[in-house]
Amino acid sequence: FYVLTSLRANAGWRYPRLTHSHASMRAHFAPASNAFAQHIGSTRTHRRQRPSTVSIRAMKCSEEASRQPRVAPPPHPTYSIAAVINAALEEDIGDVGDVSSLSTIPASTQSTATLLAKASGVLAGEHLGSAVLAAVDGDLDVEWLKRDGDMIEKGEVFMRVKGSARSILRAERVVLNFMQRMSGIATMTKAYAEAASPAIMLETRKTVPGLRVIDKWAVLIGGGKNHRIGLFDMVMIKDNHIAAAGGIANAVEACEKYLKENGLSTVKIEVEARTMDEVRTVIDLLDDPNVETASVSRLMLDNMSVDDMRDAVKLINGRIETEASGNVTLNTVHAIGQTGVTYISSGALTHSVSALDISLNIDV
């Protein structure tokens with residue numbers, strides 16, 4: 001089952017600083033239900049979930065946020081999604097509250113709003129959107145007509161939310177900011193992943209600071225897979241490491257020694273090769289019984305031609321996984337995928353993405 005650490009315990013959840021004249025806004029930041037807190041507060045432990053079987057019907061957004069997502073976010077030992085949501089809400093409200101809504105809308109006003117797709121693409125951020133709404137006002141009723149990973153078409157209404165007009169408008173921009181970016185990433189990932197097949201599409205660490213897990217979550221929703229989450233979960237021996245260590249052999253030897261001495265037996269090593277000579281150097285290390293290479297699991301083929309990638313895959317001959325990187329575009333990814341590489345990685349999935357146009361509209 002899916003376990004996430006308590007929002008209060010790990011995200012430092014608190015009410016934002018408000019002036020005494022805006023104390024009524026505290027209700028908009030009431031901590032989410034315990035179920036939501038356990039579910040979305042941290043991404044420390046998880047197991048991949050099968051598609052949600054929850055029926056599409058209106059329910060309290062706090063209930064929506066507490067259910068298991070269709071696609072689980074990637075695990076991270078210190079990252080808290082709830083803390084990211086809290087920070088996004090707090091930066092928006094400042095220290096006086098939503099002065100536009102507070103000044104124009106009576107506290108008792110109830111409204112219904114819809115999310116409208118203004119462009120076609122892959123929906124991502126549905127579950128996160130419910131979490132934002134729940135953090136603002138757990139009593140809002142929300143009805144999702146589409147779920148994470150579903151296609152949405154231009155002109156399609158795919159969500160309805162009903163409740164306090166002030167609460168809806170308080171959450172509006174944060175919900176849209178997350179969902180538009182995540183849906184843009186998922187849409188681009190789907191296009192790349194389909195073109196790359198049978199190779200598996202990966203992103204990189206080229207994500208927005210503070211949004212690492214959320215950006216990588218969107219890649220999963222779009223049908224890609226995650227590369228390493230950070231500097232802590234995989235060794236990547238790249239050109240600068242090789243230069244500083246005095247060569248590939250020295251770098252691999254030092255890595256194997258470090259992992260063994262520090263009890264990091266589950267951490268794997270990826271070695272970058274930029275030329276066919278470097279590919280052969282790695283193969284020689286793998287085949288040498290006197291060289292420790294047990295942790296070496298992948299060879300990155302960096303900025304190589306399609307012909308060289310195909311030749312490198314043949315030389316590796318299944319010893320370890322292979323990953324193509326560099327000069328990956330929608331125009332080139334299909335040909336790269338046919339070379340036999342295991343993975344193709346591209347930073348464009350997260351650093352050059354266009355947000356999917358989505359709007360929230362209050363029904364009059």
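Tutor: Let's begin with a term: two strands pair if DSSP finds at least two bridges between them. Keep in mind, too, that the model above is predicted.

Student: Thanks! How many strands form the open sheet, and in what order?

Tutor: The general idea comes first. Strands of a sheet pair through backbone hydrogen bonds, either parallel or antiparallel. Here, five strands make up an open sheet, arranged β1-β4-β6-β2-β13, with antiparallel pairing. At its edges are β1 (59-60) and β13, each of which pairs on one side only.

Student: What about β4 and β6?

Tutor: Strand β4 (residues 141-144) pairs with β6 in the antiparallel sense, over four bridges.

Student: Let me step back. How many helices and strands does the protein chain have, and what share of its residues is buried?

Tutor: The chain has 14 helices and 13 strands. Of its 364 residues, 52% are buried. Its accessible surface is about 16,300 Å², and carbon and sulfur atoms account for 50% of that. Contacts tell you about the fold as well: among those between residues at least 6 apart in sequence, 78% join residues at least 24 apart.

Student: Which residues touch the most other members of the largest nonpolar core?

Tutor: That core has 51 residues, and Ile85, Leu115, Leu133, Phe158 and Phe178 touch the most other members. The greatest contribution comes from helix α7 (residues 165-196), with 10 residues. Both domain 1 (59-186 + 354-363) and domain 2 (195-352) supply at least three residues to this core. Apart from it lies another core of 41 residues, including Tyr192, Met201, Val279 and Met309.

Student: If I click on Ile85, what does it touch?

Tutor: Not counting residues up to four places away in sequence, Ile85 touches Leu128, Ala131, Val132, Ala135 and Phe178.

Student: Is Arg181 buried or exposed?

Tutor: To decide, compare its relative accessible area with the cut-off for buried, which is under 20%. Arg181 has 19% relative accessibility, so it counts as buried. You will find Arg181 in helix α7. Leaving aside neighbours within four places in sequence, Arg181 is in contact with Val208, Leu211, Asp215, Thr350, Val353 and Ala355.

Student: Why can helix α8 be called largely enclosed?

Tutor: Count its buried residues. In helix α8 (residues 212-221), nine of the 10 residues are buried, so the helix is largely enclosed by the rest of the structure. Among them are Asp215, Lys216 and Trp217. After α8 comes Gly223, with a positive phi near 100°.

Student: Where is Lys314, and is it buried or exposed?

Tutor: Lys314 sits in helix α12 (residues 306-316). Its relative accessible area is 58%, so Lys314 is exposed. Lys314 and Gly340 are 26 residues apart in sequence, and their C-alpha atoms are 8.4 Å apart in space.

Student: How should I read backbone angles?

Tutor: Start from the general rule: most residues other than glycine have a negative phi, and most peptide bonds are trans. Now look at Asn303, a residue other than glycine with a positive phi, near 55°. Asn303 lies in the loop between β10 (296-302) and α12, and it is partly exposed at 43% relative accessible area. Asn327 has a positive phi near 55° too. Its place is the loop between β11 (321-325) and α13 (333-337), and Asn327 counts as exposed at 59% relative accessibility.

Student: Which peptide bond is cis?

Tutor: The bond from Ser197 to Pro198 is cis, with omega near 15°. Pro198 is in the loop between α7 and β7 (200-202).

Student: Last one: how many disulfides are there?

Tutor: A search of the whole structure finds zero. Two cysteines you can look up are Cys61, buried at 0% relative accessible area, and Cys255, buried at 17%.

Conventions: Residues are numbered from 1 along each chain as its sequence is written. This is a predicted model: local features need pLDDT of at least 70, side-chain atom pairs count only at pLDDT 80 or more; totals for chains, interfaces and linings use all residues. Side-chain values use heavy atoms; hydrogens and water are left out. A disulfide is a pair of cysteine sulfur atoms within 2.5 Å. Buried means under 20% relative accessible area, exposed over 50%, partly exposed in between (1.4 Å probe, protein chains only). A nonpolar core is a set of buried Ala, Val, Leu, Ile, Met, Phe, Trp, Tyr and Cys residues joined through side-chain atoms within 4.5 Å. Helices (H or I, at least four residues) and strands (E, at least two) are DSSP runs, numbered from the N terminus. Domain bounds come from an automatic or database domain assignment. Contact means heavy atoms within 4.5 Å. Accessible areas come from the Shrake-Rupley method with a 1.4 Å probe; for residues, only the protein chains shown count as cover.
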